Amino acid sequence: GLAVAFLVGLVNGFCIAVLGLSPFVTTLGMLSIVRGLGYVVSNGRGSFPGGPDADYFYALTSGDVLGVPAPFIYLVILALAMAVGLHNTSFGRHLFAIGGNEHAATLTGVPVRQIKVAVYMISALSAGIAGIIQTGWLGAVTTNLGTGMELQVIAATVIGGANLAGGVGTAFGAIVGA
């Protein structure tokens, strides 16, 4: 699942950063493609994790540690990693520079294409992790899981303080918005 998510992020990043396609159209198009492939691969049916490692999978995705749900622990870990990455690394500074003014970032030597591809890959991997956790939490997965949540995600982003034009946002704000 994570390898497929990585590949989807790589394709999205390549199409947007290298080919210059519209990010909105590219990601919505890929959403339709991946959703369709999900229907084909699953024959339109849901499935549930099974096999000899199912109990281990459920413990990792829907278990708890000292009464704290595992998904919440993953949220905190990923949010802290993103906060540190965004505000204490050159990658994060480059990312905010690109969001603020892509042309200026290019002129100052920021590797815009590479950063954009990396961001789409990180985003897709994050979505893959969330999908795996949600599968364990629900105990099953259907091909239409998450349908219609796109506008909720955009609303949460704006509520969390991110600027849709770019250059502004925090990991904490994303959690508050969600």
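Guide: Happy to. Of the 178 residues in the chain, 21% are buried, where buried means under 20% relative accessible area, exposed means over 50%, and partly exposed lies in between (1.4 Å probe, protein chains only). Please keep in mind that this is a predicted model, in which local features need pLDDT of at least 70 and side-chain atom pairs count only at pLDDT 80 or more, while totals for chains, interfaces and linings use all residues. Residues are numbered from 1 along each chain as its sequence is written, and side-chain values use heavy atoms, with hydrogens and water left out.

The chain has 9 helices and 2 strands; these are DSSP runs numbered from the N terminus, helices being H or I with at least four residues and strands E with at least two. Read from the N terminus, the order is α-α-α-β-β-α-α-α-α-α-α. The radius of gyration is 18 Å, close to the 16 Å from the globule rule for 178 residues, so the chain is as compact as a globular protein of that length. That radius is taken over C-alpha atoms, and the rule is 2.2 Å times the number of residues to the power 0.38. Along the principal axes, the C-alpha atoms fill a box of roughly 55 × 40 × 25 Å.

Now to the rings. The structure holds 1 aromatic pair. Its partners are Phe57 and Tyr58, with ring centres 5.8 Å apart and planes at 65°, so the pair is edge-to-face. Rings of Phe, Tyr and Trp (its six-membered ring) pair if their centres lie within 6.5 Å; planes under 30 degrees apart count as stacked, over 60 as edge-to-face and the rest as tilted. As for cover, Phe57 is partly exposed at a relative accessible area of 24%, and Tyr58 is partly exposed too, at 23%.

Thr26 belongs to helix α2 (residues 23-42) and counts as buried at 12% relative accessibility. Leaving aside residues up to four places away in sequence, Thr26 touches Asn12, Cys15, Ile16 and Leu21, a contact being heavy atoms within 4.5 Å. Leu138, in helix α7 (residues 112-138), counts as partly exposed at 44%. From Leu138 to Leu86 there are 52 residues in sequence and 31 Å in space, C-alpha to C-alpha.
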